[in-house]
Amino acid sequence: MKLRGKFTKWFVFLVLLHCVVAGAGFFAPYNPAEQDRQRPYLPPMRIHCMDAQGDLHLRPFFYPLRLREGSFEQFEEDTGTAVPLYFFTRGADYHLFGIVPSRLHLFGAAGARIYVLGSDAYGRDQLSRILFGGQVSLLAGLLGAGVTMLLGAVIGLAAGYYGGWRDDLLMRVAELFLALPWLYLLFALRAFLPLSVGPLEAFLLVVVAIGLVGWARPARLVRGVVLTVKERDFVRAARGFGASDIYLLRRHILPETASVLLTQAAILVPQFVLAEMTLSFLGLGVPEPMSSWGNLLATLQQYSVLVSYWWMYLPALAIVPFFLGYLGLASALQERFDTYKISEKSGWSRT
Amino acid sequence: MRKDRLSPWRCRITLSLLLACASLLTLPVRGFAHPQQASAQEELLAVPGETGRPGGRLVISLRAEPKTLNPLTAADAISREVIGAMQADLVHINRGTQLTEPALAKSWKISPDGLQYTLTLRQGLRFSDGHRLDADDVLFTFRVYLDESVHATQRDLLIVGGKPIVVRKVDGQTLVFQFAKPYGVEERLFDGWDILPRHLLEKPYQEGKLGQLWTPSTPPNEWAGLGPFRLKEYVAGQKLVLERNPYYWKSDAKGNRLPYLDELVFLFVPSADAQVLRFQSGETDLITRVGAENFSVLARQQTAYTMADAGPGLEYNFLFFNLNDLSEKSSADVMRKQKWFRDVKFRQAVSAAIDREAIVRLVYLGRGAALWGPVTPGNGRWADASIARLPRSLDRARTLLKDAGFSWSMASNGESTLVDSDHKPVEFSILTSASNADRTKMATLIQDDLKQLGMRAQVVPLEFRSLVERVTQTKEYDACLLGLASLDFDPNSDLNVWLSSGGTHLWNPSQPHPATAWEAEIDRLMEQQLATPGYSQRKKLYDRVQEILAENQPMIFLASPDILAGAKNSIANFHPAVLEPYALWNVEQLYFRNGTENTRR
């Protein structure tokens, strides 16, 4: 029960996080590509309940920032005008979960734009960009993990079950893939592709690239499981009754690999999110004006941004709860399957 | 004969530098004795400015190694910057005053018909190895520059009216330059033609090896120049060390021979950010070519150094469309789009939609100027003030597009898309250089500006060399954002950009015949001003060129950055100019206020 609770806890935590990102349109106050050219590199605004005169307000408000006299980059609060914050307001058009058209936002302000996490070089809202960027990064991670698990499972099953020269061939290829300097391969791959790829093509390219590169490790793990399972009595018995290869793989062997596959998936998703971020950071991901966590961090390659605008680091923090969630889930899964194995079926424990 | 005498001679000079003053007096005096003071036969050029104290070692970072130290083949800014500190020309453009001043030639005379220039050389000039310079060296130099087999990079500028300049020697100190046609630039022409040592280069020239000569790794004794510094040491991948030229021909107001500095060290620091860090930590003494963002970082915490904004320079950034005559099979997609690009109203609409003020504010943090023509505000003498500086107007852009047959269609997601007369959506990509964050930022701003017209532009940052290849060789691109920096205020320095036959005529380079009537008109005007003496006449012609460019928008001019530089507080005579080499133009006058503070390694 305790283990089950742990698993549920992490799972619910992750579902909630993903809902926030998937519903970015609602949680983000603005369109992530909308530029406010009067306000580049605006620091995060503070939300007040107490005004400059010391009076308490029930409705939270903020003071717009203005440029300090004679400066191009120093901002100060304009305490003359307090802008109240409204919840569940109407704002920019968006499609919730990519389908439902809506204009409802969690919060917003009338008369002035609110930058909770500051703005970037073009005066775009950093919070909106992080939320929408998460859609790209997480989806790339999830789809990439899906592709990898599928490839890994099929290749691992084939190698483990059929054995012999097929096993040797597939495993040598897997080792080759583990040894390849894949980042440089991706650079080379990008150089061959047409000059300008649209956002969708670029995204699919990233997913396929990540997916193709990562299948070797799950394949080897699955193969290991298959090697032990296929010698077990119930498999031999089924074979003795004339079960076909496909039936055996589907009914008896594949379910046994579920623990390995699920745990691997939970570990691979954050890894692949990181891979997407690496590619985007180096300019191989989705193009401007779309955001992803990687290309949001790419501005930090400039020394002036690095030392001047601390809020440009925030996209890096956004990944922390996700990574924590996935790794927690992975360890809960692992423990759960282990105890399940030990208590329900004796004699076999995880390799 | 002379060569035999040279080596013991030089030994003695080197020795004399190392020994103290007392021992110097014991050396025989042969026309020049104490390098610090001028001898009677020498005509040093006294330059105005703060009188300094000798000694010290100035360290500067360069973003790449100089490819060559050979003035004949140097084409890149880095090589030119280093060579500028090592070589000298006959007549020089003072980067501070922007006017010509005597250099190796102490005076010049132009004949009334403008065809004959008589130059008189300074007395007692010597190369950095102590060898005397005379008119034969100048004759040799121009013979080499004009020799087609040498492939001198700026050879075209010495061809006036289709004929190369003829140089004649009158006597040891006097030369006559004969032109086929009057030349509008007049004596500014002589700037940048570094005089070469015949005694070192004649043999390699006859053997045809001149092009490969003088790399940074050349041994210092095989190299000689007339600039303030001479070659001392080169460590590949690390640094290039120059030492003071004891025979330099300039002095300060008090008659002390320049330069003040003992050594000039160029460190190779590849990234702009790393250069800023080195300067911040005090490892380098001076920094040039600083970007606006790094400048504001440095300016915010300046204590040990001073940052200077010299105002808008001569760099102009622009967007241009592919207007090349393409062959049918190679690029059908680009050819389809060229139908829009060739329409002047389309280009004018793009120009009208671009928010130049935002570019200056966001890209240059206000340290720059918006542009509507190729001549930047930094060049007030040649800029055409009558060019309309139209503010951004989406309405004007929409009217122009409507007139040109474009219309808008509502997409399913509520976005309006610009479509051409065949109902094809207007989409194109803009190339920028991946290593230039400023230009990528400009392109991203333009992308957003054009989106409001319903155009879909993609920004494609590309490695610089492959970008240049696409633009000038394969011509597989839609639009491109680039910048060019004029080397001089005079319009002739950009001849290669405006002439339709020019290699830098970027939107359609190296045309055999001008493709359009207005390009033919520009060709005619540029050639006419080339042969017209007198500023006001030339200005009228060049103004017309600027107006044609502003009207036809083959390049959509965007903005020009300020020239930004910085130096340690202890460095005096630091007056950055808007012309290359920015803060190093008066390198012979730079000195450390607190003496030889920086002599340590």
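Mentor: Chain A is divided into domain 1 (45-114) and domain 2 (130-344), the bounds coming from an automatic or database domain assignment. This is a predicted model, in which local features need pLDDT of at least 70 and side-chain atom pairs count only at pLDDT 80 or more, while totals for chains, interfaces and linings use all residues. Residues are numbered from 1 along each chain as its sequence is written, and chains are lettered from A and ligands numbered from 1 in the order in which they are written.

Trainee: What distance separates the centres of domain 1 and domain 2 of chain A?

Mentor: Taken over C-alpha atoms, the two centres in chain A are 40 Å apart. For chain B the assignment gives domain 1 (31-304 + 569-592) and domain 2 (315-561), and there the centres are separated by 35 Å, again over C-alpha atoms.

Trainee: How many residues do the two domains of chain B bring into contact with each other?

Mentor: Two residues are in contact if their C-beta atoms, placed from the backbone, lie within 7 Å. By that criterion, 19 residues of domain 1 of chain B are in contact with 18 residues of domain 2 of chain B. On the domain 1 side, the largest share, four residues, comes from α7(B), where helices (H or I, at least four residues) and strands (E, at least two) are DSSP runs numbered from the N terminus. That side divides into eight nonpolar, six polar and five charged residues, with Ala, Val, Leu, Ile, Met, Phe, Trp, Tyr, Cys and Pro counted as nonpolar, Asp, Glu, Lys and Arg as charged, and the others, Gly among them, as polar.

Trainee: Which elements give two or more residues to the side of chain B that touches chain A?

Mentor: In this interface, 25 residues of chain B are in contact with 19 residues of chain A. The elements of chain B that give two or more residues are α6 (272-280), α7 (292-300), α10 (356-363), α12 (437-451) and β22 (456-462), and the largest share, six residues, comes from α12(B). By class, this side of chain B has 12 nonpolar, eight polar and five charged residues.

Trainee: How many of the eight residues of α10(B) are buried?

Mentor: A residue is buried if 20 or more other C-beta atoms lie within 10 Å of its own, exposed if 12 or fewer, and partly exposed in between, with C-beta atoms placed from the backbone. Seven of the eight residues of α10(B) are buried, which leaves the helix mostly covered; among them are B:R356, B:I359 and B:R361. What covers the buried residues includes β18 (368-370), α12 and β24 (555-568) of chain B. Just after α10(B), B:L365 takes a positive phi of about 50°.

Trainee: Is B:W214 buried or exposed?

Mentor: B:W214 is buried, since 26 other C-beta atoms lie within 10 Å. Its phi is near 60°, a positive value in a residue other than glycine, and B:W214 is placed in the loop between α5 (198-206) and β11 (229-235) of chain B. B:Q98, whose phi is near 65°, counts as partly exposed because it has 17 C-beta neighbours inside 10 Å.
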